[in-house]
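Welcome! Take a moment to look over the molecule below, and then let us walk through a few of its parts together.

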Amino acid sequence: MLASIPSPHKGVVDVGPLHLHAYGITLLVAIAACIWLTGIRWRRLGGDWDFVLRVAVWGVAFGIVGARAYHDATSWDEVPKHWWGPFAVWEGGLGVWGGIALGTLVGAIVARRSGQSARLLMDAAAPGLLLAQGIGRIGNWWNQELFGKPTDLPWALKIDPEHRPAQYLDQPTFHPTFLYELVYDVIGVGLLLLVDRRFRIKPPGLFALYVSFYTFGRFFEELLRVDPAHHFAGLRLNAWVSIVVFCCSTAFFVWWQFFHRGGDEPKRATRTLPAGPKMAIPRGRAR
């Protein structure tokens, strides 16, 4: 084989006496990127950074809880057999479905209690969430996990023997699904920003498009992956989740954008005061 992508031999970065888990560092970078892009978009809507940071604190905390809970519920046989096993996020094992669902729910609650539009916030955050998901996949590269089937393509990912599935011990290189999703998600960020700029999308229509875009690509990624998973009717569990969520989000977008007739939704955010989540300076709705 002429070329391949190397994998780190360990997922820990040693800084003097400190042992930092690269997976955790990657998640922090992903979260920071999401907050950065969401903050820029929220500011352009007339809002402020104080609100974005407040939502991030609650949304990220509950997002991690939801992501780990989803992993524990759907991959219980992969949870470390220790008392701390269900909480061991540094070992990998975060289900994006649970993280986005619970994080979005809590973020929407904070927005409502702050007098802001939860729908507007969801659209503002959509590109940032997709960017965070792409960056977060680099953590799988550090842990040598969640790769695809064996391949000898020039961009194949080299995996150490101790991380290979038993049936592929004699195969050194695999599809780098972490890279596929990273590239796919970054392209998706650009498309969402372009759609938001060129078309009039009723909130939370852009969020629905983000969900549809991600689940469409995730379905094909699931067809490549060889990590342990529960199967139903020949498909991995997360492939079925992708199908169901894609259909729901796409149907919602079409109905909401073209057929729904509801009350007016604010087109602009309001600036919040630092004192508390319920205090806001009303500016009226944009015409």
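## A helix under cover

Contact here means heavy atoms within 4.5 Å. Helices (H or I, at least four residues) and strands (E, at least two) are DSSP runs, numbered from the N terminus.

This is a predicted model, in which local features need pLDDT of at least 70 and side-chain atom pairs count only at pLDDT 80 or more, while totals for chains, interfaces and linings use all residues. Residues are numbered from 1 along each chain as its sequence is written, and side-chain values use heavy atoms, with hydrogens and water left out.

Which residues of α3 are buried? They are Val96, Trp97, Gly98, Gly99, Gly103, Thr104, Val106, Gly107, Ala108, Val110 and Ala111. Buried means under 20% relative accessible area, exposed means over 50%, and partly exposed lies in between (1.4 Å probe, protein chains only). Helix α3 covers residues 96-113, which is 18 residues, and its first and last C-alpha atoms are 26 Å apart, close to the 26 Å expected at 1.5 Å a residue. The expected span is 1.5 Å times one less than the number of residues. After α3 comes Gly115, with a positive phi near 80°.

## The whole chain

Now step back. The chain has eight helices and six strands, and from the N terminus on they run β-β-α-α-α-α-α-β-β-α-α-β-β-α. Of its 287 residues, 46% count as buried. Among contacts in the chain with a separation of 6 or more, 71% come from residues 24 or more positions apart.

## How α3 meets α4

Two packed helices are described by the angle between their axes and the distance between the axes. For α3 and α4, the axes come within 11 Å and cross at roughly 150°. Axes are lines fitted to C-alpha atoms, for helices over the stretch in contact, and angles run from 0 to 180 degrees between N-to-C directions. The crossing of α3 and α4 is right-handed. A crossing is right-handed if the near helix is turned clockwise from the far one by less than a right angle, and left-handed if anticlockwise.

On the α3 side, Val96, Ile100, Thr104, Gly107, Ala108, Ala111 and Arg112 take part, and they meet Ala118, Leu121, Met122, Leu129 and Gln133 of α4. By class, this contact of α3 with α4 has eight nonpolar residues, three polar and one charged. Ala, Val, Leu, Ile, Met, Phe, Trp, Tyr, Cys and Pro count as nonpolar, Asp, Glu, Lys and Arg as charged, and the others, Gly among them, as polar.

## The pair α6 and α7

At what angle do the axes of α6 and α7 cross? Helix α6 (residues 177-198) and helix α7 (residues 205-224) have axes that cross at roughly 160° and come within 10 Å. That makes α6 roughly antiparallel to α7; angles under 35 degrees count as roughly parallel, over 145 as roughly antiparallel, 65 to 115 as roughly perpendicular and the rest as oblique. The crossing of α6 and α7 is right-handed. Residues making the contact include Tyr180, Tyr184 and Leu191 of α6 and Leu209, Phe213 and Gly217 of α7. This contact of α6 with α7 has 12 nonpolar, three polar and five charged residues.

Helix α7 is mostly covered, with 14 of its 20 residues buried. In the loop between α6 and α7 you will find Pro204, and the peptide bond from Pro203 to Pro204 is cis, with omega near 5°.

## Details in the loops

Is Gln144 buried or exposed? Gln144 counts as buried, at 3% relative accessibility. Gln144 lies in the loop between α5 (138-143) and β3, and its phi is near 50°, a positive value in a residue other than glycine. Ala233 also has a positive phi near 50°, and its place is the loop between β5 (231-232) and β6 (235-236). Ala233 counts as exposed, at 75% relative accessibility.

A last stop is Asp170, in the loop between β3 (157-158) and β4 (173-174). Asp170 is exposed, with a relative accessible area of 60%. Asp170 and Pro150 are 20 residues apart in sequence, and their C-alpha atoms are 9.9 Å apart in space.
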